[in-house]
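The entries follow in the order in which I took them up.

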Amino acid sequence: MFNYPKWKIALISIIAGVGVFFCIPNFLPKSTQEKLPQWWQPMTLGLDLQGGSQLLLQVDLNQVVTDQLNASLEAARAALREKGIRYTGLAVQDDALTVTIVKSEQLARAKELLRKVDKGNVDVTEDGNVLTLRYTDLALSRMKSNAVDQSIEIVRRRIDQLGTKEPSIMRQGSDRIQVQLPGVEDPNEVKKLLGKTAKMSFHFVDDTTTIADARRGKISPESKVAQGAEDASDAYYVIERKPIVGGEHLADAHADFSEGMPVVAFRFNSFGSKRFGTATRNGIGRRLAIVLDGKVITAPEVKSAITGGSGIISGNFTVQSASDLALMLRSGALPAPLDVVEERIVGPGLGTDSIEAGKKSCIIGMALVLIFVVATYGLFGLFADVALILNLVILCGAMSALGATLTLPGIAGIALTLGMAVDANVLIYERMREEQSFGKSVLNTIEGGFENASSAIFDSNLTSFFAGAILIWLGNGPVRGFGVTTCLGLVTSVFTAVYVTKVLILAWVKLCKPKKINV
């Protein structure tokens, strides 16, 4: 007998109700939408529909290699000095680290030490007394790929903290990042934030060496010259090469005020707090330079030990610049500079035309399907039409609830889904006709139609779902948008065509008690 448990009817009703609930914001005025809670928002329109900005950023991978070699240089200097190996000309040039060993008998030992600088990732070659360290091709490839991946993550963090809704950030090629910002008509603020690497470190100032001495080459190997920022008190500083603590140990940063002036308040994690406290305790009376992107912002004198793990960065900040710096420090430093190689501003006119064209295509396509189904299957076609309309509503509700972005290809996916959604009902109804031709009763005909057609319905939709999932996995941008709407549409169409239609037919049978069905 055709028996449908009440708990299934309740579950189907709840799912349908939730879909309708999350679809409602899409039909409300824009002024009302802005007042809705964050979890109950309409579908987000993509760049091609809403308009906005698109940036193409290029990661300076050469700088990544240079920075890594500079880090290796410091490690090599420390290792050679520790073992008492005399050397000259330790420098980074042409993507390699070179050093001349003074005593030939120490050459083999020095070569072994250089190999240990980054074991397994470097090759060390010998030309007379000159040793050259280069990263292997595999190590370079891995280093550059990691730099791009890290840049994408940090770009995402910075843009998210700006409050930009549904940005699209994806890798393009080997060293480029595409950033799409729907609704952002002026990307200058974003470019300003993405244009700084925000590498911060704290160094003691070398008070024993003057700038004049440093320019004449009278400078300790442990020190270096750093340029002051535009608003710094000095144009140049001589600072210790080795930082006492780096920006990677920052736990938080935010804009604040001190004596009525904007500042950036920061707080270290436990490791950074310990190192900072020890350094300031031992360095009372010395100047501490705060270096951002290679430039000294400020270099105040340490008057007492800073053991709380927090402090402030002062300078000629405005409220906006202090907020921007705090945002960059919170999101982390970029591994390399980003250059804007292409910038596009997409006006909303194209999006409006696309939306209207998409609406018309969906309405016309849906109307033709509704008419065809009713003309072919009569009352049962009407049940299928109700399920089809509910399918569209639940699909919109699902995309709104999941925060999916609707693009122009996404609209095409919805239109395609509407055409495919009724296929399940066609299979069920045609199977019912076969069952009825065998002389079965009404209930057995309906039961046989649903049970015998279900396997074909699930199999066909499952294969289509896999195809859509591959588009989501391997595709990006418009291709992914098409895959998302297609997969969601397949799920909602199976739900409405099989389960909702079944409930409607059950209600009709229970109410009218027909002796025969005309399907």
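**Salt bridges and their surroundings**

I began with Arg-81, which is partly exposed, its relative accessible area being 38%. I note that the model is a predicted one.

I then looked for the partner of Arg-81 and found a salt bridge with Glu-222, at 2.2 Å from N to O. The two sit in distant parts of the chain, 141 residues apart, with Arg-81 in helix 4 and Glu-222 in the loop between helix 8 (211-215) and strand 10 (223-228). Glu-222 has 41% relative accessibility and so counts as partly exposed.

Next I looked up Arg-241, which forms a salt bridge with Glu-74, where the closest N and O atoms are 3.7 Å apart. This pair also links distant parts of the chain, since Glu-74 belongs to helix 4 (residues 61-82) while Arg-241 lies in the loop between strand 11 (236-240) and strand 12 (245-246), 167 residues apart. I recorded both as partly exposed, Arg-241 at 30% relative accessibility and Glu-74 with a relative accessible area of 32%.

I turned to Asp-324 and Lys-192, a salt bridge whose closest N and O atoms are 3.9 Å apart. Because Asp-324 lies in helix 10 (residues 319-331) and Lys-192 in helix 7 (residues 188-194), the pair ties together parts that are 132 residues apart in sequence. Here I noted that Asp-324 counts as buried at 7% relative accessibility, whereas Lys-192 is partly exposed at 46%.

Finally I checked the whole structure, which holds 17 salt bridges, and I wrote down a network of them that links Arg-431, Glu-434, Glu-435 and Lys-440.

Terms used: Residues numbered from 1 in each chain as written. Predicted model: local features only at pLDDT ≥ 70, side-chain atom pairs only at ≥ 80, totals over all residues. Heavy atoms only, no water. Salt bridge = Lys/Arg side-chain N within 4 Å of Asp/Glu carboxyl O. Helix = DSSP H or I, 4+ residues; strand = E, 2+ residues; numbered from the N terminus. Buried < 20%, exposed > 50% of the residue type's maximum accessible area, 1.4 Å probe, protein only.
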